[in-house]
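Hi everyone, thanks for making the time.

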Amino acid sequence: MTHGNGTRDGGRLADVSAVRPGGHAVVVGGGLAGVTAALALADAGVRVTLLEGRPRLGGLAFSFQRGDLTVDNGQHVYLRCCTAYRWFLERIGGTALAPVQERLDVPVVDLARPEGRRLGRLRRDALPVPLHLGRSLATYPHLSLADRARVGRAALALKGLDLTDPALDTQDFGSWLAAHGQSARAVEALWDLVGVATLNAVAGDASLGLAAMVFKTGLLSDPGAADIGWARVPLGELHDRLARKALDSAGVRTEVRTRVTSLRVNDHGGWSVQVPDETLEADAVVLAVPQREAHDLLPAGALDAPGELLEIGTAPILNIHVVYDRKVLATPFLAALGTPVQWVFDRTDASGLKDGQYLALSQSTAQDEIDEPVAALRERYLPELERLLPRTRGAEVKDFFVTRERAATFAPAPGVGRLRPGARTKAPGLYLAGAWTATGWPATMESAVRSGVGAAGAALGALGRSRGLLPDFFEEAA
């Protein structure tokens, strides 16, 4: 990577002069982190250019057309405790299009139980924590009485963990659960039911720090924290169309199909951002791209150990899409046990389907299936749906297709916390954003938005701009 004159100092970037107040910021990457950073910077009066290599915004939460259907690449949900993503929806004018359920209610169907006794529910009452889940846990049919009692004790132990303790990141959640009396059945029917969907890892493969964060924040912080929200429109309507409209209104120059090829310090102590037909000069740059891409663009010396970015593993999510000629599922979504099927969502209205019903199966931790042929997946999952949803047995399958995100999330393995960098780099005026950076959250839309705000906040300080307009959930990454 080449640099401007006088910028190298024994393989490290020399300190360049302070960034001029006001200035121009370039944000590289148009996913949620990049869009957020661009909006936050523009709202504070900075001139912003946003560059995205794909033909659309939205990163890994996007939509595409399949005939008359508008298809999301994968089902994305958020929780009421996701204050950053909720701020993002409000900022782009999308809150009403992705509402949160009034009160947590998750139907859980266990195919290992006799028909007629398969349905359980995880829901909350209007009571203070932890009593809000007490009745649901006491009547949850998929756990024995003894398991339910032990789950309650483990939840209280989780509540007592200090999320700032770095030692939590070195342990795996599965071992902690076993040490706190959780049976294999309790892990399957409760802890992994939630954890796989939020962490994209089973308990034994997940950092205790990240798992504790999910359960403490989602289930043990506020009675309504785990209420589930999801888009009633295609994700592209939110993360591309409405996001682009908000960026335009904020005065951001947005360029899609524009891939950044290099990044270097220029002769004035700012940054030269190279795209195929142009060199953009910037006072600050936010790199809001996946960790491997960030590694390839980072100039020498920007991080003490840039190779650590390549040590952050990735985990896949497989999405199976089935269109039936009739309605086969009566609820907006359900979770399943005793079957390879994990979560099933009704996408009929959002997709624009006029007749029949369109279901999307979201399969996290899909390492063993991510590259399987569609025919093999069809042969496996259609019979499972017939077992799970009796109304499918006489229904005609009008369409069956698969979307695959091989690197959907970073892998939340023990030790990943020490690998995740903060927003600031050692190169003045260069900042990092992305769900994989040190937000304290797993790889979620919430983490992406938080990282964008964190990077914008760090950049505003260097640009001589007030951070007073940043949303109040803001906690700058170290």
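A word on the model: it is predicted, so local features need pLDDT of at least 70 and side-chain atom pairs count only at pLDDT 80 or more, while totals for chains, interfaces and linings use all residues. Residues are numbered from 1 along each chain as its sequence is written, and side-chain values use heavy atoms, with hydrogens and water left out.

A nonpolar core here is a set of buried Ala, Val, Leu, Ile, Met, Phe, Trp, Tyr and Cys residues joined through side-chain atoms within 4.5 Å, where buried means under 20% relative accessible area with a 1.4 Å probe, protein chains only. The largest has 69 residues, and Trp 191, Val 285 and Leu 430 are among those with the most contacts inside it. Which helix gives the most to this core? That is H6, residues 184–199, with seven residues; helices are DSSP runs of at least four residues (H or I), strands of at least two (E), numbered from the N terminus. Apart from this core lies another, of 58 residues, including Trp 87 and Ala 435.

Now Ala 282, in strand E14 (residues 278–282). Ala 282 counts as buried because its relative accessibility is 4%. His 24 is 258 residues away from Ala 282 in sequence, yet their C-alpha atoms are 5.2 Å apart.

Finally, Thr 70 sits in strand E6, residues 69–72. Beyond its neighbours within four places in sequence, Thr 70 is in contact (heavy atoms within 4.5 Å) with residues including Pro 234 and Ser 351.

Definitions and conventions:
Buried means under 20% relative accessible area, exposed over 50%, partly exposed in between (1.4 Å probe, protein chains only).
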